[in-house]
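This briefing covers selected features of one protein chain.

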Amino acid sequence: MANILCFHLCFFVLYMFLCQTPIEAYNRGFSVQLIHKNSPNSPFYKSHVNHSPYQVPTKSFASNVPFTRVTSNNGDYLMKLTIGTPPVDIYGLVDTGSDLVWAQCTPCKGCYMQKSPMFEPLRSKTYSAIPCFSEQCDSLFGHSCSPQKLCSYSYSYGDGSVTHGELARETVTFSSTNGELVVGEIIFGCGHSNSGTFNENDMGIIGMGGGPLSLVSQIGTLYGSRRFSQCLVPFHTDPHISGTISFGEDSDVSGEGVVTTPLVSEEGQTPYLVTLEGISVGDTFVPFSSSEALSKGNMMIDSGTPATYLPQEFYDRLVEEMKVQSSLIPIEDDPDLGTQLCYRSETNLDGPILTAHFERADVQLMPIQTFIPPKEGIFCFAMAGTDDGDHIFGNFAQANILIGFDLDRKTVSFKPTDCTNQ
């Protein structure tokens, strides 16, 4: 009898352990690597290709989700997700400017060519399509009902790129810094018809925006708080080194040097909008607006856009002040560089140091964050002017800063950090 009781007790303990949601073992949170597309750690790395990160794309924004960029280049950061049973690795572009997590799925008619195998939902034991009459389906803009009464979606972008497919629920595993972590089920888009500016290395996009279907919002329901932090590695450092993105309590940004600015975005709104009051060049303050009027939420923090885009008039004043404070002569005889402010230098520039003055938060930007080498012996200013009204604090400037996004408290925190040593 004792042996039988012991057997049943041991079986019960084992059963309870196996029935625990895997996330419970990581109730404090977890961290995942952020890989440069031009890194040898990326599955798309080509050793014979020029991996200069300074290939700033033309901005393209979602027609149904403001401020989304989808054009791929070496400035992107990739996150590995493993979905389905049996598991399939998906390397998605991390984008704080959009919500939908999606991947190309079979059958895929009218899809762009993808080098890696596509996800096959019919082979997964844990794949479950979302009904069209459901809260999850209703939360996605551009949804409709299929003849099978399932949730179909159409997610289009301003440059003509689009993904059509089926909204579904699937098991997701992260390769965290502490080992493999099965988070459980997330809702994602299984794209069966995708076209536009995507290339053969694009497997999908991981939306990290503020909407209900973004990855951070879905993981937040498991942890009780919707927050994450990222630490991006500068592009012109050792390409073997990866950055990190953290969720839950592991995403805490605290300690000496932390500054915090309020999020202007409304509840459930996709982009992370903040207010930039101006930028100092050394000790000289250059205001965002030449008039006294300053619009709240005039800048978007976007991990999916490399360059920083400023109003043309503000950008011109900023560049003029930088020329005044630099002893180097700008390059004006290289057609490959266009109108960008560039200098000849064998190493990154010693200055000037910029300070971005966000509302209640001054963020210092060193030359490694503001000048990028498009080719050997030349460094160019990693900001540009625009007249289209879309102003973005890009990921070049975000490098070497631990940035925490707290959707519940509606704040963004910045802490100077050596992201190559995290």
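Are Phe174 and Phe247 buried or exposed? Both residues are buried. The model is a predicted one, and the points below are grouped by topic.

**Aromatic pairs**
- The model holds 18 aromatic pairs.
- Phe174 and Phe247 make a tilted pair, with 6.3 Å from centre to centre and 45° between the planes.
- Phe174 belongs to strand β8 and Phe247 to strand β12 (residues 243-248), so this pair ties together parts that are 73 residues apart in sequence.
- Phe358 and Phe414 are stacked, at 5.3 Å centre to centre and 5° between the planes.
- Because Phe358 is in strand β20 (residues 354-358) and Phe414 in strand β27 (residues 411-416), their pair joins parts 56 residues apart in sequence.
- Phe358 is buried at 1% relative accessibility, and Phe414 is also buried at 1%.
- A cluster linked by ring pairs contains Phe30, Phe174, Phe228, Phe247, Tyr272 and Phe405.

- Three strands form an open sheet in the order β19-β23-β22, and their pairing is antiparallel.
- β19 (342-344) and β22 (371-375) are the edge strands, each pairing on one side only.
- From one strand to the next, the twist averages 35°.
- β19 and β23 (residues 378-381) are joined by three bridges; Cys342 has Cys380 in β23 as its bridge partner.
- Helix α4 (residues 312-325) lies across β19, β22 and β23, at about 140° to β23.

**Ser161**
- Ser161 sits in the loop between β7 (151-156) and β8 (162-176).
- Ser161 has a relative accessible area of 0% and is therefore buried.
- Its side chain reaches the backbone nitrogen of Thr197 at 2.9 Å.

Definitions and conventions. Residues numbered from 1 in each chain as written. Predicted model: local features only at pLDDT ≥ 70, side-chain atom pairs only at ≥ 80, totals over all residues. Heavy atoms only, no water. Helix = DSSP H or I, 4+ residues; strand = E, 2+ residues; numbered from the N terminus. Buried < 20%, exposed > 50% of the residue type's maximum accessible area, 1.4 Å probe, protein only. Polar contact = N/O pair within 3.5 Å; in protein donor to acceptor, adjacent residues only side chain to side chain. Pairing = 2+ DSSP bridges. Axes fitted to C-alpha atoms, helices over the stretch in contact; angles between N-to-C directions. Contact = heavy atoms within 4.5 Å. Phe/Tyr/Trp six-rings, centres within 6.5 Å; stacked < 30°, edge-to-face > 60°.
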